[in-house]
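Dear colleague,

I am handing over the structure below, and after it I set out what was found. Please keep it open while you read.

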Amino acid sequence: MSEECKFLYDVSMSYVNPGWQERYCQLVRHLDEQLKEKCGEFFADLQLYQTGPMNYVVVAVYYDVPGVLEALPEILQFVNRQYRETVGHNVRRKQILKFDLAKKLHGQSMACLKACEDTDISEEVKAEEDDSKPAVNPAIEEEQESVGGEVFTASDVTD
C-alpha cells in the first residue's frame, strides 16, 4: 500500500568564488545531513546541481505537511548561520523560488511514493514491468515522423 506525500521546494542559485567550490559542496552535504537529522518531519532533501565552474543551483525539498510553514523561519536561520560561519562572503546566493511566498498554479496532482514503500515488490518484478513498457510512445514517434518533428533534451536547448 502506498502513502501519498507532496513536496514543497525552495530553489536558489549560488555563485561561488574561485577556490571555494569544494568547501561549498561540503557545506551543502553537511546541511543536508543536519536538516534531515534535526527536522526530518519537515525536511526531505537538499539537492545540489553545478551549472558552471562556479555556478550552482540548490533545491531544498520539504514535506507539504502541517507545521512546515511555522518551522521554515527557524530552518532558514540555521542554514543562513551555517553559510555565514563556513563560507562567509565567498558565496553569493539568489533565491529563485520560495514556496512560502509563491502561489502554486499547477503540479503534484499525482501521488508521490516513498522509496521505502516499494520494498514488497522485488527488483526482478520491477525490471520485468519496465521491460514490458515501450521506451517511447509509438503514436508520438509516428506523429513526429509525419510532421518532421524532433525531440530535444534539456541539454539541446540553448537560450
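Does D32 count as buried or exposed, and what is its relative accessibility? D32 counts as buried, at 14% relative accessibility, where buried means under 20% relative accessible area, exposed means over 50%, and partly exposed lies in between (1.4 Å probe, protein chains only).

Please note that this is a predicted model, in which local features need pLDDT of at least 70 and side-chain atom pairs count only at pLDDT 80 or more, while totals for chains, interfaces and linings use all residues. Residues are numbered from 1 along each chain as its sequence is written, and side-chain values use heavy atoms, with hydrogens and water left out.

The protein chain has four helices and four strands, taken as DSSP runs numbered from the N terminus (helices H or I, at least four residues; strands E, at least two), and their order along the sequence is β-α-β-β-α-β-α-α. Of its 159 residues, 30% count as buried.

The structure holds two salt bridges, a salt bridge being a side-chain nitrogen of Lys or Arg within 4 Å of a carboxyl oxygen of Asp or Glu. One of them pairs D32 with K36, with the closest N and O atoms 3.2 Å apart; both residues lie in helix α1 (residues 21-39), four residues apart, which is about one turn of the helix. The other joins the side chains of K36 and D45 at 3.3 Å, N to O. K36 is partly exposed, with a relative accessible area of 37%, and D45 is also partly exposed, at 23%. Through shared partners, the salt bridges join D32, K36 and D45 into one network.
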